[in-house]
Protein chains: 6
Amino acid sequence: MGGMYEDLKGPEIPSVLSESSIILLPVGAIEQHGPHLPMSVDRVIAEKTAEAIVAKCGDELDIWLLPTLSISKSNEHNWSGGTISLRYETLMAVLNDIGESLSKTNAKKLVLLNGHGGNTTLLNTALRELRLNHLLETFLIHPALPPAYGGSSTEDELGMGIHGGRDETSVFMFLRPDLVDLGKAERRVPEKLAENKHVKFGGSVSFGWLSNDFHKDGYIGDPTGASPELGEKLFNAAVESLCEALSEIKSFKFKE
Amino acid sequence: MGGMYEDLKGPEIPSVLSESSIILLPVGAIEQHGPHLPMSVDRVIAEKTAEAIVAKCGDELDIWLLPTLSISKSNEHNWSGGTISLRYETLMAVLNDIGESLSKTNAKKLVLLNGHGGNTTLLNTALRELRLNHLLETFLIHPALPPAYGGSSTEDELGMGIHGGRDETSVFMFLRPDLVDLGKAERRVPEKLAENKHVKFGGSVSFGWLSNDFHKDGYIGDPTGASPELGEKLFNAAVESLCEALSEIKSFKFKE
Amino acid sequence: MGGMYEDLKGPEIPSVLSESSIILLPVGAIEQHGPHLPMSVDRVIAEKTAEAIVAKCGDELDIWLLPTLSISKSNEHNWSGGTISLRYETLMAVLNDIGESLSKTNAKKLVLLNGHGGNTTLLNTALRELRLNHLLETFLIHPALPPAYGGSSTEDELGMGIHGGRDETSVFMFLRPDLVDLGKAERRVPEKLAENKHVKFGGSVSFGWLSNDFHKDGYIGDPTGASPELGEKLFNAAVESLCEALSEIKSFKFKE
Amino acid sequence: MGGMYEDLKGPEIPSVLSESSIILLPVGAIEQHGPHLPMSVDRVIAEKTAEAIVAKCGDELDIWLLPTLSISKSNEHNWSGGTISLRYETLMAVLNDIGESLSKTNAKKLVLLNGHGGNTTLLNTALRELRLNHLLETFLIHPALPPAYGGSSTEDELGMGIHGGRDETSVFMFLRPDLVDLGKAERRVPEKLAENKHVKFGGSVSFGWLSNDFHKDGYIGDPTGASPELGEKLFNAAVESLCEALSEIKSFKFKE
Amino acid sequence: MGGMYEDLKGPEIPSVLSESSIILLPVGAIEQHGPHLPMSVDRVIAEKTAEAIVAKCGDELDIWLLPTLSISKSNEHNWSGGTISLRYETLMAVLNDIGESLSKTNAKKLVLLNGHGGNTTLLNTALRELRLNHLLETFLIHPALPPAYGGSSTEDELGMGIHGGRDETSVFMFLRPDLVDLGKAERRVPEKLAENKHVKFGGSVSFGWLSNDFHKDGYIGDPTGASPELGEKLFNAAVESLCEALSEIKSFKFKE
Amino acid sequence: MGGMYEDLKGPEIPSVLSESSIILLPVGAIEQHGPHLPMSVDRVIAEKTAEAIVAKCGDELDIWLLPTLSISKSNEHNWSGGTISLRYETLMAVLNDIGESLSKTNAKKLVLLNGHGGNTTLLNTALRELRLNHLLETFLIHPALPPAYGGSSTEDELGMGIHGGRDETSVFMFLRPDLVDLGKAERRVPEKLAENKHVKFGGSVSFGWLSNDFHKDGYIGDPTGASPELGEKLFNAAVESLCEALSEIKSFKFKE
């Protein structure tokens, strides 16, 4: 079984949700993505990926989808009027309250599906808080792992297609072609950074940055070569891979 | 003009949003609604109402719809595993952060469309905080005003159809007939309360209650007579009336 | 029995307070009330009403009066130097701490008697928090219910005598005639608002406002016709009505 | 001039309060004081002392009396049902909000008159916070300085008449003889402590204690010799001395 | 036994720490101390004193030394760039978290050794919080008790050698002569204050002050006569006296 | 130039610290590390590494060393009495306050040297907060990057030598051989995890874990082959590499 969490009726919860159920929470963002993409990118990708996951392996893995957390921590874009961001403490409080609520059901596994790289470290911190305080088993997955946390971006972008770059733009073009204006996109790769050995995205030294630190346009990567075809391939591969990951999550046990 | 806020591109914000724009934020809830209704009721009603409003008068009134805040303060249902609730301080923080973000755009009018009666007093408090701290003009509207705050419920329910009662059930049947199990519904009206002159819903004395204080089933009202036809009528009337209200909001000025 | 809570000696508490006792907490405010009234208005009215209640029905109903919370949330008057206001989170913390303290006695019923309309929504929210977190039965009463929450104001004020208007001024003239300077009062009714169908005090759309949004003088209503005679009548009627309400509160039970 | 702060009308504030005005805030407590005294002791003493000060030197020194903060931090008595205590962070928030409000007037000097020894260190901390954050000149005075902070108690009590002891009981007997039941009082001096050189009240080593750590009765001192005559003497001396102190406060300047 | 707390191995804790163990936490500060002393003064004195205590009586009294809390609340020096200060709520949170952690060991006695007078009232408040919330026995000791809290300073400084004055400078010269530049020191005693009967350091009226309120140089006292010889004498006397105090702490019991 | 930050005198700060100065803050931990290592491991490694860095390249790179933050967030070890942990919000508050203090100097670059993997995600989050709120350029470096964040551990440990494993034990043996009891160490590698493709340390799916989730001994890795010689090699390599990284940090500029 599996489906939309919110479609359950209150008295059904104890019998429908069990220790082997997986609760899936997509986390989006409403934030500027340059002139070629709308603010919805991360919300749409997180939600569509989650829905595709549920369609593909939800029944098999007993996955229950929560409504998307559409707004999250996007404060690297606070300079850009229109971006809507929660403070880090607000987002942690939201996650805590959701975790506390879920801890009163039989479900024990909570998976955050994060569409916004700016949340990654905070959500990772939250995994432990939720495990410690609410005894949940907690996991974090990404439609596309941010390069700064072990993922990859195209070679041509020198590994720096991290916000509105080729891959993200492609996936979004596949999902909502009507909302992309590729003609406005230019190459916005901070080439200088690639010369560094340590201080760079995914390097041994991480650093605090705002999205207009590198260029006033606020996107990082080279979306000019994006295409819906590439997006489709990436999207499908992500769904495939995430179903595989969720299958591991389902059978995951700390101790034998 | 008008539409989905999130579909805007970052650089468009300054020219698209103006002082006369209205930002509309639907507030839902994921909480038990008895055995006949799913947990999604308030989220669905708030979102569908908001979408219908935008379809009907969004362009005329320059309304921009934010993604629904699906989860809010539902702690009167904390006893019921499955309900997902934010603490009051978390919800206030979320609203504050959204308000602060919006205050950096040209838009000045923020309207909360609240689908969950349990939020009403807190959202009312938030109206002033957002006005004071972020200089917004703030408004609160309801698809159906809760009886405890001046709205009405059917006479047959003695004015106490406040959670999963006839009207709400009807509206939801109209929107999602597949998710209603009216056969499980019974009359759950705390008749005794009607004998009171002061201490009752909508009476001069308000009181703190949890949804299982009156009956372990946790819904309050009599959904047995609900029908999609009644729901359709109520829904359309609400959209009509709220467009009228939004038109007043658009021209609202504190001083001449 | 009944009396001043603070006059009890520590070791007496367990025997004097019982499940049927009512703890009464007056909530005042120290805030500007225009040029004709002192900042004490809400504090004085809340406290005097509470004292009159205890004198009239305290013994019969086993009411124990707490010291008045003189300062509360008055941030709609923050623009006016001299007003003393707690933040909403501070007031909630104060109420929570008082509730937690009381939960260690045998008393179970806590009644807030609120003299300041600006507190109403927050206190209503607090009712549920105190019930949930400290298992108290909680109630909110008003010497005069604010028009925005179901109360009435004079027809001549178009229902907008909400801050320093005819009724409030009259009651205060009855209680402290020495502190009223009616000669300074003028009609300050935002007539324009009355033309609205939805967006008005007590209308279906509530809105965030500061007391100088309508007029720089910061009071709302028409005190020019106020008199101590009217005040006496209103005051006595309130005490009478509130004793009746407290009698309902005393016998209030959620379940049979 | 001088008087009750709350009796001022909003528009008068700018002309009445000046840089040389003193705002006086009595801080009481509602907490167990043993079997011989009511919970009101600290509130009554703080308030009556403040009123006597205003009567004696208020006009001369331009003192404006705020309503008493009746409830404060009494958590050393949390074990005793009936005691009403704010958390330390709540009390700090209350003081901060009052300080912030006052900072918008012309008055610059805020004096806390503390009737409850359990507040002393926190109020001392608050003095600096209010000076730093709201630019006030802040002072702390006591009707009777607690022995642990440099004050004295009777020799016969070995300097440990710190809660419900001879002096406090006497002062309260003078103010409210009807509320004292001296027949219930016994000697409750933790004699053992007097043998210590360092670890004792007013010693070089301070220590955390709860009022039932020493004896389950929860008062500390020997009230058996208390009398209203002694109380009157102490009360009058305090008022005299505090007017003298306030006179120093009035002319206090950090720099020449 | 006794030693460095951090040198213990996890599994040893239950057997090594017992109810009679004393945990010692030095609290320093990194804050400006005038032109003659480095910012480290309070950290160095607290740490060196603690180490000397452990060397002298640690084994006998079963004292376990925690790493120094180097940074604390120094906001009276916020005006001076370079000073590093925690907010009061941050420091309280740090102390609470440490106390909560320690409460899971067998040790029951926690002693704060405070090198910075600006912390004294807050740490005193913390003593009670830690006792109440984590059931620890808590104590506060000082290398040199600040004059404002019952300690003394030289007569020649009129009792006002409270920050960078003769005694403190001397002790630091003994510990780190290489870091003192006595040639830059001048007499900075706010002589005027000595004329006050009430409002002065250690007087009956305490007051909020910042370190540049008296003089822009920010130190208070007269270090010109400081010497390492005096410092050595003071330091050794402090260690001697504190070992004596810790011996009282070891045998301290609230009840017989 | 370069040295100990705390050794600076207040008035020197403006001339000594410049935009090109680097402030270095070592972050340690006091937490169980199994039976073979003391609780000090992370504190010692962070501090010693920082000191070696300052000795090697501090003058050249103008590095100023802050006192080690000895205690940090170790809540994955809360189950083990003796571990001392700050809550995540406390640690964020500490970092914020330090950042705010530093922002008042001329220095603009703050580098956190983190010795405890459990802090990594939170410190990464803090980098952005400090950049946004206090306009600092912020960096995070590790003596040994945790495998879960892109670092490596020995092949023989299947990449899971993450807490008390071979490398960490070796480095500590080099620094404090007297405090290691290798005879108590055993292989504690959760071999099962290595079979996973996604859910493992450094895998595409991160997960919340407590240190006793895998084995009650609470360390993870295989320290049996540790040696001071390996430790020396690792330590020196780290210092070398970090000086190189700090050199990049020194010349780091967001924009050309």
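**How the chains meet: a short walk through the model**

Let me begin with one residue: of the residues of chain A, A:Thr121 is the one that comes closest to the rotation axis, with its C-alpha at 2.4 Å. Please keep in mind throughout that this is a predicted model.

Which axis is that? Chain A can be laid on chain F by a turn of 180° and a shift of 0.0 Å along the axis, and the RMSD is then 0.0 Å. Because 100% of the interface residues of chain A are also interface residues in chain F, the two copies meet through the same surface.

Let us look at the contact itself, which takes 44 residues from chain A and 44 residues from chain F. On the side of chain A that touches chain F, the elements that give two or more residues are α3 (88-102), α4 (120-134), β5 (137-141), β6 (206-207) and α7 (228-251) of chain A. Which of these gives the most? That is α4(A), with 10 residues. Sorted by class, this side of chain A has 19 nonpolar, 13 polar and 12 charged residues. There is also strand pairing between these two chains, for two bridges join β6(A) to strand β5 (residues 137-141) of chain F, and the two strands run antiparallel. Within that pairing, A:Ser206 has F:Leu140 in β5(F) as its bridge partner.

Now I turn to chains D and E. Chain E can be laid on chain D with an RMSD of 0.0 Å, by a turn of 180° and a shift of 0.0 Å along the axis. The two copies are thus related as by a two-fold rotation axis. In chain E, the residue that comes closest to the rotation axis is E:Thr121, at 2.4 Å for its C-alpha. The same surface serves both copies, since 100% of the contact residues of chain E recur in chain D.

Here 43 residues of chain E are in contact with 44 residues of chain D. On the side of chain E that touches chain D, α4(E) gives the most, with 10 residues, and by class this side has 19 nonpolar, 12 polar and 12 charged residues. Strand β6 (residues 206-207) of chain D pairs with β5(E) in the antiparallel sense, over two bridges, and the bridge partner of D:Phe207 in β5(E) is E:Phe139.

Another partner comes from chain C, where strand β6 (residues 206-207) pairs with β5(B) in the antiparallel sense over two bridges. In that pairing, B:Leu140 stands opposite C:Ser206 in β6(C).

Terms used:
Residues are numbered from 1 along each chain as its sequence is written. Chains are lettered from A and ligands numbered from 1 in the order in which they are written. This is a predicted model: local features need pLDDT of at least 70, side-chain atom pairs count only at pLDDT 80 or more; totals for chains, interfaces and linings use all residues. Copies are superposed by least squares on the C-alpha atoms of residues with pLDDT of at least 70 in both. Two residues are in contact if their C-beta atoms, placed from the backbone, lie within 7 Å. Two strands pair if DSSP finds at least two bridges between them. Helices (H or I, at least four residues) and strands (E, at least two) are DSSP runs, numbered from the N terminus. Ala, Val, Leu, Ile, Met, Phe, Trp, Tyr, Cys and Pro count as nonpolar, Asp, Glu, Lys and Arg as charged, and the others, Gly among them, as polar.
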